[in-house]
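Please look at the structure shown here before reading on. The report below takes up symmetry, the nonpolar core and the aromatic rings in turn.

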There are 2 protein chains.
Amino acid sequence: MLQPPPAEPGMREEEVDTPALILDLDAFEANLDHMAGLAAAAGVKLRPHAKTHKSLVIAHRQLARGAVGQCTQKVAEAEILAWGGVLDILVSNEVVGPRKLARLAALTRIAQVAVCADHPDGVAAIETAAEAAGTRLTVLVEIDVGTGRCGVAPGEEAVALARRIAASRHLAFGGLQAYHGRAQHKRSPEERAAAIAEAAQAAERTVEDLRRAGLDCPIIGGAGTGTFALEAASGVFTELQVGSYAFMDADYARNDPPPPFRQALSVLATVMSVPRDGAAVVDAGHKALPTDSGMPLVSGRDGIRYEGPSDEHGRLVIEPGADRPRLGEMLRLVPGHCDPTIDRYDWYVGVRSGRVECLWPIAARGAMA
Amino acid sequence: MLQPPPAEPGMREEEVDTPALILDLDAFEANLDHMAGLAAAAGVKLRPHAKTHKSLVIAHRQLARGAVGQCTQKVAEAEILAWGGVLDILVSNEVVGPRKLARLAALTRIAQVAVCADHPDGVAAIETAAEAAGTRLTVLVEIDVGTGRCGVAPGEEAVALARRIAASRHLAFGGLQAYHGRAQHKRSPEERAAAIAEAAQAAERTVEDLRRAGLDCPIIGGAGTGTFALEAASGVFTELQVGSYAFMDADYARNDPPPPFRQALSVLATVMSVPRDGAAVVDAGHKALPTDSGMPLVSGRDGIRYEGPSDEHGRLVIEPGADRPRLGEMLRLVPGHCDPTIDRYDWYVGVRSGRVECLWPIAARGAMA
């Protein structure tokens, strides 16, 4: 069941029902503009990641600022985007299973769709689905550029897989997927630079090998909010797959220096108990605020710390001298990790100057398949 | 947008789209029966917690086995239950904010509704809402029996708050909420017994104080899946508020001894990459499997360990000698913590003997307000 929106346009922020996902529209728009400008200046394309925002509204606002399309991780996300008019979609990882592949192939009737592969059996399954649907699917080869998750080895193994794709009547070789997830949260600029230099070299070498094999790479994709400037400047990557930049979160803010974007996302919570001196409890716990990347930060209230969640409660510690929150007071909490937080909610509550300006459905919330 | 069901009745489990929340119906039914029997034998009432199952179907199956009603943590959960025919609901924590309280008061037209309070200002706000709606709300006093979260101190402070409730024309005093959340996952039986002995003494003393003040306690509620046998045997508690027993999870299984229930819940995931020897990746990460209480366990496959999630990926380590999973193979993962896992999904896929028997909507998924 879709949850009803927690607010209506025109309300003051204090009237919003909690917990609610607040989007600070000034900061959000500044973030979109800033990234669009940086990508244009670097001469690379922007293909923002919908796994973060999960929203058709936001996808279209990114496209209106020059993005060439969107990334997704899941077929269900790609469906929601394509059904909502996003016409160039890259599923930026492997898709396995005949039902999923049949759905993906069906989407080629209304949108440009590409998907990644890292195994000959995976390519064969995509081929079977494309043939059965009487269509052609674009397939990128994912190479492991240092994260140690999915992907074939750069170089020879990648070339062999690309040849396999290019040789199929039902497939088109789309290029390389070279995302270095593990580099995004490396804290020092030196560590990030070293990781992306290695990734760019691996990608460049593979592009060269492919060229010698007679295969062009229409897309060389990668990058996240922690490292995008490095990929953009590498001269190798053609598309940036950033997602978090639109929102930021407490964990990205711990990078040195933090990415050049404003905190635009928070969870609005209500103080539901003030049981003892030095303690308060808000109505946002595990289910409202995942803590896989650390505790949320209490925005604009020095000396108040989110100590820990239980399922529906968040325990706050109020340091001596800090203003104790009142029962019923609302606090903005900045999530540790934006992606799984957004995916908990059905609605963005867009706020500007203390007023609710818009409600945007999080259409791909829970689209895991 | 509600996600479409990942399966249809009659399918084999291998045909289910992943990630999917699998309910092993034999184990689930055995768990419901076993708990109903234990409560009946101990002479205490069962009021299972809907914050765990989030499902009208499951609520009604618990009621059919003798449960007196349901607990919720949220007004939005209470609404979904009441609208679906659950007619006795206790919101087992504080509710703060006039919009939420107005909604709660409105529910009294179709169901018996009770809520907790731990502050005179909270009681006054509940009174205002009840008066405005022309109804009467039942209010329990929450006492802190050792968890250090919400709740007034047992004894005098609780009596003062109960008097305040009982003195109102718009409120009825409903008894004590005395849940010891922190005791549930204490690992040794001695630690749990000590914690619940203390909780029971605090509750008993407060009941005595209330009796001297002329106030009866229709409900003395508490207990979770880790300690329910202790509360049931205490002679103090009248209602058990257990939730996880219906499903179990990997974290409860680490209690010594584990609660006497079968693992009934798993996330079905597909192997989407087999990039290297000793490694595989499944299509279930942070968004499919919260890891706040530890990593999920790979069911029935010795030597395969879920090492860690990223947003949509789960990295598996395959120990030397263990069977390497095939690309496209499906694995059942037992979640670390059942509550936030269930709340990620729109559907239970009920499975018996390898076949999908039913699809049940998780109607209160995301009902956080």
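What follows describes a predicted model, beginning with the confidence of the prediction.

For chain A the mean pLDDT is 97, and 100% of its residues reach 70 or more. For the complex, the predictor gives an ipTM of 0.96 together with a pTM of 0.97.

How are the two copies related? Chain B is superposed on chain A by a rotation of 180 degrees with 0.0 Å of shift along the axis, and the RMSD is 0.0 Å. The two copies are therefore related as by a two-fold rotation axis. Within chain B, the C-alpha nearest this axis belongs to B:Leu2, which lies 3.1 Å from it. The same surface serves both copies, since 100% of the contact residues of chain B recur in chain A.

**The nonpolar core**

The largest nonpolar core has 54 residues, and among those with the most contacts inside it are B:Ile126, B:Leu137, B:Val141 and B:Phe173. If residues up to four places away in sequence are not counted, B:Ile126 touches B:Leu101, B:Val115, B:Cys116, B:Ala117, B:Leu137, B:Val139 and B:Leu171.

**Aromatic pairs**

Over all chains, the count comes to 10 aromatic pairs.

| Pair | Centre to centre | Angle between planes | Arrangement |
|---|---|---|---|
| A:Phe28 and A:Phe247 | 6.2 Å | 25 degrees | stacked |
| B:Phe247 and B:Tyr348 | 6.0 Å | 5 degrees | stacked |

The pair in chain A links distant parts of the chain, for A:Phe28 sits in helix α1 (residues 25–42) while A:Phe247 sits in the loop between β9 (239–240) and β10 (265–273), 219 residues apart. Are A:Phe28 and A:Phe247 buried or exposed? Both A:Phe28 and A:Phe247 are buried.

In chain B, B:Phe247 lies in the loop between β9 (239–240) and β10 (265–273) and B:Tyr348 lies in strand β16 (residues 347–352), so this pair ties together parts that are 101 residues apart in sequence. B:Phe247 and B:Tyr348 are both buried.

Returning to chain A, ring pairs link A:Phe28, A:Phe247, A:Tyr348 and A:Trp360 into a cluster.

Definitions and conventions:
Residues numbered from 1 in each chain as written. Chains lettered and ligands numbered in written order. Predicted model: local features only at pLDDT ≥ 70, side-chain atom pairs only at ≥ 80, totals over all residues. Heavy atoms only, no water. Least-squares fit on C-alpha atoms with pLDDT ≥ 70 in both. Contact = heavy atoms within 4.5 Å. pLDDT = per-residue confidence, 0-100. Core = buried A, V, L, I, M, F, W, Y, C linked by side-chain atoms within 4.5 Å. Buried < 20%, exposed > 50% of the residue type's maximum accessible area, 1.4 Å probe, protein only. Phe/Tyr/Trp six-rings, centres within 6.5 Å; stacked < 30°, edge-to-face > 60°. Helix = DSSP H or I, 4+ residues; strand = E, 2+ residues; numbered from the N terminus.
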